[in-house]
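I opened the notebook to look up surface patches and ring pairs. The entries follow in the order I made them.

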Amino acid sequence: MKFDSKSIRKRWGSLTTALCTAVLLYVALNHLNLIFGSIGKVLGFASPVFTGLIIAYIVDPLVMLFQNHIFARIRRYKVRRSLSVLCAVLLIVIGIIYLIVALVPQVINSVTALLSNIDNYTNAAKDWMEQLETKTSQHNFDISGVTQSVEEFVDNLSSRLPQNLDTYLDTAVTVSRRVINMMIACILAIYFLVDKVRLQNWFRRLFRACVLEKTYANSAAFWNKCNYIIIHFIIYDLLDGLIVGMANYMFMAIAQMPYAILISVAVGVTNLAPTFGPIAGGAIGALILVLINPWHALWFLIFTIILQTFDGYVLKPRLFGTLLGVSGVWILVCLVVGGRMFGVPGVLLGIPFAAISDYIYHEFILVKLDERKKRREAAVPVRAAGPQQDNPEETAVPETAAGADREAQDADEK
């Protein structure tokens, strides 16, 4: 029996198609773990490729800066593109090396000093809590339960920290694999950057062959806007993290707090993730400082609350709202709702989602509503105004034949 498009239109063909679809859906739902496991394995094998695409996407604006401004006089595109990629890669490598030379030794020294003095710090914290309990007991305040909880927390922290270091040493093989995958991804990213035009033309031809020309044009315009939003979000999110990290370092340096570089780097990096990132950065800094000097930890927390309030309600909405053309209130709403619904990915993608949804609302929804309004106004017929007559008697309704006969009969009777 031949099964073609005509057979689907028949009753038995549609029933057979629906039954097969239902069976496949039932089997898929019963084996979701195997399906997602297989997808995870495939993505695991292809992770260097996806990572390379992401790296190439992030580095491409820097390459375009070299290509359009510094090497713009070179006529041959391949030479101009290759030189731009080479200069961008060298600039990034030099920046990473500079950060490693400038920050990593100080960070390592800070971590080493912190771990070597962990016992002294815990004892000092316990003594401070005992003094606080003694002073409060003189004023008839009992905080023994609080001090006992804090001492237990400090003991657990100091005992678990060396165990965590042993765990980190045991995962050296996993870290080495990730380093190798990252090196492969970086090499792939260079090839993607060099062959950018060829890859773009291939995807464009494939997409244009699958959809209508109007759909292709609308999709291209939509993707260009999304690309602009995402690139600017990445750039200004990094700028926001740098500003917050520098402000934190200036405060700690003025207050003469220890481990200023280590804590400021942690605060700046965690600030890249909105909402939950600043909380994590403040918690890390407070945990480090509370072991050394609890008053430093208190002032650090106060400054962190002020800084993050300014960053969350003034700097970030102003920065992203002005540059992306989105209301600051809508950004805050998307951050809160995205974090509650999807967790960390929702928080990270909250600002791009706010900008893209705002673009869709203004460029698609409002345009469609205006078109419908114009169609409705064009469909309503306009009533033509009749000629105006000054004499009201001329507008009288003419008498019918029955009315005329009745008047004649009344006259005869008279």
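Where is the place of Lys368? I found Lys368 in helix α16 (helices are DSSP runs of H or I, at least four residues, numbered from the N terminus). I noted that the model is predicted, that local features need pLDDT of at least 70 and side-chain atom pairs pLDDT 80 or more, while totals for chains, interfaces and linings use all residues. Residues are numbered from 1 along each chain as its sequence is written, and side-chain values use heavy atoms, without hydrogens and water.

I looked up the accessibility of Lys368 and got a relative accessible area of 51%, so Lys368 is exposed (buried is under 20%, exposed over 50%, partly exposed in between, with a 1.4 Å probe and protein chains only).

Lys368 belongs to a surface patch of positive charge with Lys214, Arg372, Arg375 and Arg376. Helix α16, residues 350-379, gives the largest share of this patch, four residues. I wrote down the patch rule: over 30% relative accessible area and no salt bridge, like charges joined within 9 Å, nonpolar side chains within 5 Å. A salt bridge is a Lys or Arg side-chain nitrogen within 4 Å of an Asp or Glu carboxyl oxygen.

Next I took the nonpolar patch, about 810 Å², whose members include Val329, Trp330 and Phe353. Helix α14, residues 328-342, supplies its largest share, seven residues. Val329 lies in that helix and is exposed at 59%.

Last, I counted five aromatic pairs (ring centres within 6.5 Å; planes under 30 degrees apart are stacked, over 60 edge-to-face, the rest tilted). Phe207 is partly exposed at 35%, whereas Tyr216 is buried at 12%.

How values were computed. Accessible areas come from the Shrake-Rupley method with a 1.4 Å probe; for residues, only the protein chains shown count as cover. Lys and Arg count as positive and Asp and Glu as negative; His and the chain ends are not counted. The place of a charge is taken as NZ of Lys, CZ of Arg, CG of Asp or CD of Glu. Helices (H or I, at least four residues) and strands (E, at least two) are DSSP runs, numbered from the N terminus. Rings of Phe, Tyr and Trp (its six-membered ring) pair if their centres lie within 6.5 Å; planes under 30 degrees apart count as stacked, over 60 as edge-to-face and the rest as tilted.
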